[in-house]
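Take a look at the structure, then work through the points below.

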Amino acid sequence: MVIYWNDIWNQLLEHIEMSFLALIISTLIGIGIGILVYKTKFAKTIFVNGSAILQVIPSITLFGVLLPTIDDLLLIVLITLSLYGIFPILSNTIVALNNIEKKKILVAKSLGMNEWNIIWKIRFRGNLSTIINGIRISSILIIGTTSIAFSIGAGGLGEIIYQGITLKSVSLVMQGTIPIILLSLTTFGIISLIKWSFSSKNNKKKVANV
């Protein structure tokens, strides 16, 4: 079995670049929209359902829609992947911001905290682990979906998988697939550690306040 290390490495770097840039964009958009709409039932319904609907649109369809209007292949991939990644982050952000005891909000207001301070210090930081969990789910969705970027010539590990399919080579297919699995597991593990770190800090604060 011939292993094409240089090709795997180059395609892996492309895969990482596209995936993590898209994850950052999804995180900023998901959290940003969540903060803006978490209090308004109608707006929550529109944005959450809208981002959920995006999940069922094939990525190849979005590529087809964007290709005639955008010349930059990386930008097309980032727009598509970012749209796919918004839903879990947005929905978890809304849950996190609303899942706070009213007593804490009343105490914060009595101390003179304004709305943005309450959002950041009480609502956001109080349930940060929930938001991080949304980012963790989104990262797996994005890393997996990035494998289709090869279809418009944007590279990534999907290119090696497609070559393997074309040549009917299981070896090549696995050389593209295994790095995607390892990248997903590594990312999942790192974000899980970050989540655990914030959760343990919050638990210590709760114990200290008892």
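Helix 1 crosses helix 4 in a right-handed sense. Keep in mind that this is a predicted model. The points below start with that crossing, then turn to two other helices.

**How helix 1 meets helix 4**
- Two packed helices are described by the angle between their axes and the distance between the axes.
- Helix 1 and helix 4 pack at an angle of about 40 degrees, and their axes lie 6 Å apart.
- That angle makes helix 1 oblique to helix 4.

**Helix 2: two sides**
- Helix 2 covers residues 41–56, which is 16 residues.
- From first C-alpha to last, helix 2 reaches 23 Å, close to the 22 Å expected at 1.5 Å a residue.
- Ala43, Val48 and Ser51 are buried in helix 2.
- Seen down the axis of helix 2, its buried residues fall within an arc of 115 degrees, so they line one face of the helix.
- The face of helix 2 turned away from that buried side carries exposed residues: Lys41, Phe42, Ile53 and Val56.
- What covers the buried residues of helix 2? The cover includes helix 1 (5–37) and helix 4 (73–98).

**Helix 7: span and burial**
- Helix 7 runs through residues 128–145 and has 18 residues.
- Its first and last C-alpha atoms are 26 Å apart, close to the 26 Å expected at 1.5 Å a residue.
- Buried residues in helix 7 include Leu128, Ile131, Ile132, Ile135, Ile142 and Ile143.
- Also among the buried residues of helix 7 are Ser129, Asn133, Gly134, Arg136, Ser138 and Ser139.

Note on methods
Residues numbered from 1 in each chain as written. Predicted model: local features only at pLDDT ≥ 70, side-chain atom pairs only at ≥ 80, totals over all residues. Heavy atoms only, no water. Helix = DSSP H or I, 4+ residues; strand = E, 2+ residues; numbered from the N terminus. Expected span 1.5 Å × (residues − 1). Buried < 20%, exposed > 50% of the residue type's maximum accessible area, 1.4 Å probe, protein only. Arc of directions from axis to C-beta. Contact = heavy atoms within 4.5 Å. Axes fitted to C-alpha atoms, helices over the stretch in contact; angles between N-to-C directions. Parallel < 35°, antiparallel > 145°, perpendicular 65-115°, else oblique. Left-handed = near helix turned anticlockwise from the far one by under 90°.
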